[in-house]
Amino acid sequence: MAHSAARAAEGVSDASRNLANHASEHLTLIGRVYGVLVLLVGLVSVPYVGYAIFYGAHAFFTGRLHADPLDLTFLLTCTRTVVSLVDAVVLIVFGVMLLRGLRKHAAQWAYVLMGVTVAQGMLSLALQGLGIGVGLSVVQIAILVALAIALDPALIGERAVQRKLKRMDERDEYIEAKGAGMLGRDPSGKGYVKLNVFNVFWLFVVGCVGGLIAEEIYHLIFFNVWQDRAGLIWGPFSPIYGFGAVVLTMCLNRLWHANAVLIFFFSAIIGGLFEAFVSWFLQVAFGIVAWDYSNAWLPLFGGRTSGKYMVFWGLAGLLWLRELLPRILKFINLIPWKWRYTLTAIALVFMLIDIVVTLMALDCWYGRIAGLPQTSPVAQFFGEHFGNSVMQQRFQTMSINPKWSGRG
């Protein structure tokens with residue numbers, strides 16, 4: 001009987017190995033074809049973008065190109081050109097890694113390329129709104145994510161087996177962690193929270209809802225006015241607090257046991273810089289000013305944040321890490337183990353749709369205020385269902401003026 005079991009195990013191992021080798025060859029072929037494409041794009045783009053930079057700089061310094069060096073649109077255009085050159089160079093390196101079959105290194109360069117692509121997409125959004133530039137960046141990100149997964153040195157056949165084993169191990173770990181009251185904790189002890197997709201997403205959701213409620217209550221108490229301060233088209237969500245919660249958690253996860261003063265200081269710095277960046281991006285991309293702290297104590301970055309609100313971020317980070325996070329993890333892990341993957345996937349898809357629709361609605365709102373033609377079916381749909389009055393009612397804290405944006 002033991003001999004039969006051993007033979008069966010060998011058969012499964014051989015089948016898995018054959019599947020792995022076949023999958024590896026298939027992926028290698030796809031990777032090399034894509035490698036040729038990105039290498040060609042990079043080799044064409046480097047001299048083209050390099051010449052554009054040289055020609056533009058020469059025209060500017062010789063007086064043939066008249067532009068204000070401090071003009072926002074000019075600065076964003078220059079930044080996007082430089083990022084495009086970096087993107088072209090990274091494409092060449094990435095293509096070479098794919099062609100040489102260096103899957104591990106190629107996967108690492110795929111993550112680098114993701115960051116450059118995100119920067120390109122945000123600059124395109126700031127300069128031209130939702131258009132072909134943003135669309136190409138989204139497609140590129142999707143391809144890179146798929147490649148990063150496929151380029152993992154572990155073969156597909158091995159991953160198929162490991163996934164089954166992992167699900168079994170996860171259930172055992174879940175039952176063990178639940179009994180020990182350690183659900184959601186980082187088992188290595190390096191950080192407080194285990195930073196996986198499940199935990200990070202639900203921390204984002206809790207931050208969106210909790211931050212919105214706290215802000216509306218604060219505004220009601222100190223200004224005696226109840227104001228809708230939601231940041232997305234649908235639902236009681238304020239994404240700045242959701243992203244803020246995730247950023248604070250990821251940056252301070254290893255410092256959860258550190259001195260309270262240190263946590264407060266880092267939370268204040270991180271929160272203030274994050275708030276200033278969001279304010280800047282909304283203004284540059286959509287001509288929107290959602291808050292202005294010019295009259296607050298110690299205004300910073302032109303009123304995009306202030307000493308007062310950095311203190312709030314510091315206190316919020318300390319409260320979040322020391323008091324709220326343990327309780328939130330217990331709440332998150334009330335989701336039954338059998339449902340958590342499906343429920344998380346459904347909620348994640350809804351949140352992504354909500355964010356995309358919100359960006360499109362903001363872009364169309366900008367276009368109407370700027371007097372741009374609204375002839376496309378998408379623009380007409382948003383004009384009918386999310387007109388100026390609807391947008392102003394939904395985003396009551398926002399003021400929009402195309403002159404404030406960075407679009408040319």
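User: Which residues does Arg368 touch, not counting residues up to four places away in sequence?

Analyst: This is a predicted model, where local features need pLDDT of at least 70, side-chain atom pairs count only at pLDDT 80 or more, and totals for chains, interfaces and linings use all residues. Residues are numbered from 1 along each chain as its sequence is written, and side-chain values use heavy atoms, with hydrogens and water left out. Contact means heavy atoms within 4.5 Å. By that rule Arg368 touches Gln374, Phe382, Gly383, Phe386, Gly387, Asn388 and Met391.

User: Is Arg368 buried or exposed?

Analyst: Buried means under 20% relative accessible area, exposed over 50%, and partly exposed in between (1.4 Å probe, protein chains only). Arg368 is buried.

User: What is the nearest side chain of opposite charge to Arg368?

Analyst: Lys and Arg count as positive, Asp and Glu as negative; His and the chain ends are not counted. The nearest is Asp363, 9.3 Å away. A salt bridge needs a side-chain nitrogen of Lys or Arg within 4 Å of a carboxyl oxygen of Asp or Glu, and Arg368 has none.

User: Which residues have the most contacts inside the largest nonpolar core?

Analyst: In soluble globular proteins, nonpolar side chains tend to be buried together. A nonpolar core is a set of buried Ala, Val, Leu, Ile, Met, Phe, Trp, Tyr and Cys residues joined through side-chain atoms within 4.5 Å. Here the largest has 63 residues, and Trp202, Ile288, Leu362 and Met391 have the most contacts inside it. Leaving aside neighbours within four places in sequence, the contacts of Ile288 include Leu362 and Trp365.

User: How much of the protein is buried?

Analyst: Of its 408 residues, 40% are buried.
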